[in-house]
Amino acid sequence: MVSKKAIIIGGVAGVPLLLLVCLLCFAFIPQTGQFRATFLGRCRELGGTSQDCENILSVFQQTYEGKKRIDFSEENYQPFFDRFPFTHPCYRTMLWSGTEDLVTKFTEKTNSFYTLDKTSVRKLMKTLKWCGMEGHKGTYTYFCEIANQNPMKAYWTAASARFAKYACDKVTVMLDGERKEPYHPNSMFRKVELPSLRSPPDVWQLKVVLVTQTNRSFISFAQESVRQGITQHFKK
């Protein structure tokens, strides 16, 4: 005869398994309706008409619907990005790494600089999750980032690269000097944005605003930007 204690222990042990099963179920259930409502709502807030927003959503969904979540190409988003060309003054471009909160507060108080956060491609997709499933229609929102090169990472990588390529003249970057490596080797700025900056005469100076003190990581940073023919101006 099974004791009550054994039943309780068995029941408690089964809870994690049940949660895992539930999560796996959600992973295979598309969340198209919720994603669609949020996307269209933001699109209209940005000034798009209902018809325009429907068309834009259709273009966006075609980039990932029915496709694998792994080895996702950044080029898939080209038709979508073509709908949102950057229009801010290219010489007021500001990049950042590790200073998102500070940069956001700074740019909210002044129109002197423009970050990716101020663009439609960022405002439209910020905080959203999305991916497809091979052979199936719909937008899925669970386990979308399980692979390294997934639809979401591909989107933000492509957006950051395009934003950096748009920059001209003097470009400003704000780095976190409290980090051991302000110029972190795995940051989006280091891996994507800096290599995407155009060479002189399009971009001829990179102004670095360091929130605190500098450190050795700037040696490699200065060397790499010099290779591109861009001079640096450091400012604490």
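Predicted model: local features only at pLDDT ≥ 70, side-chain atom pairs only at ≥ 80, totals over all residues.

Visitor: Which residues lie nearest its centre?
Guide: Those are Trp96, Arg122, Trp156, Ser160 and Met188, out of 26 residues that line the largest pocket.

Visitor: Which elements give two or more residues to that lining?
Guide: Strand E1, helix H7 and helix H8, the last one covering 188-196. H7 gives the most to the lining of the largest pocket, with five residues.

Visitor: Let me zoom out. How many helices and strands are there in the protein?
Guide: You'll find nine helices and six strands.

Visitor: What percentage of the residues count as buried?
Guide: 39% of the 236 residues do. The accessible surface comes to about 13500 Å², and 56% of that belongs to carbon and sulfur atoms.

Visitor: What about contacts between residues at least 6 apart in sequence: what share join residues at least 24 apart?
Guide: For the protein, that share is 74%.

Visitor: New topic. How many disulfides are there?
Guide: The count comes to three disulfides. In general, a disulfide is a covalent bond between the sulfur atoms of two cysteines.

Visitor: What pattern do they follow?
Guide: With bonded cysteines counted along the chain, the pattern is 1-2, 3-6, 4-5.

Visitor: Take Cys43 and Cys53. How far apart are their sulfur atoms?
Guide: They sit 2.2 Å apart in that disulfide. The pair links distant parts of the chain, with Cys43 in helix H2 (residues 32-45) and Cys53 in helix H3 (residues 50-62), ten residues apart.

Visitor: Is that link left-handed or right-handed?
Guide: The link of Cys43 and Cys53 is left-handed, with -90° about the S-S bond. Both cysteines are buried, too.

Visitor: Which cysteine does Cys90 pair with?
Guide: Cys90 is joined to Cys168, S to S 1.9 Å.

Visitor: What about the pair Cys131 and Cys144?
Guide: Their sulfur atoms are 2.2 Å apart in a disulfide. This pair also links distant parts of the chain: Cys131 is in strand E2 (residues 131-133), while Cys144 is in the loop between strand E3 (136-140) and H7, 13 residues apart. The link of Cys131 and Cys144 is left-handed, with -65° about the S-S bond.

Visitor: Are those two buried or exposed?
Guide: Cys131 is buried, at a relative accessible area of 0%, and Cys144 is buried at 3%.

Visitor: Which residues is Phe113 in contact with, leaving aside its neighbours within four places in sequence?
Guide: Arg92, Met94, Phe106, Thr107, Lys118 and Thr172.

Visitor: Now the backbone. Which residues does a cis peptide bond join?
Guide: Pro200 and Pro201, with omega about 10°. Pro201 lies in the loop between H8 and strand E5 (203-210). As background, most residues other than glycine have a negative phi, and most peptide bonds are trans.

Visitor: What's the phi of Asp71, then?
Guide: Asp71 has a positive phi of about 50°, although it is not a glycine. Asp71 lies in the loop between H3 and H4 and counts as exposed, at 68% relative accessibility.

Visitor: And what about Asp169?
Guide: Asp169 isn't a glycine, yet its phi is positive, about 55°. Asp169 is placed in strand E4, and it is partly exposed, with a relative accessible area of 32%.

Key: Residues numbered from 1 in each chain as written. Heavy atoms only, no water. Disulfide = S-S within 2.5 Å. Helix = DSSP H or I, 4+ residues; strand = E, 2+ residues; numbered from the N terminus. Buried < 20%, exposed > 50% of the residue type's maximum accessible area, 1.4 Å probe, protein only. 1 Å grid on protein atoms, 1.4 Å probe; cavity = no way out; pocket = protein on both sides within 12 Å on 5 of 7 lines; lining within 4 Å. Contact = heavy atoms within 4.5 Å. Areas by Shrake-Rupley, 256 points an atom, 1.4 Å probe, with all protein chains shown as cover.
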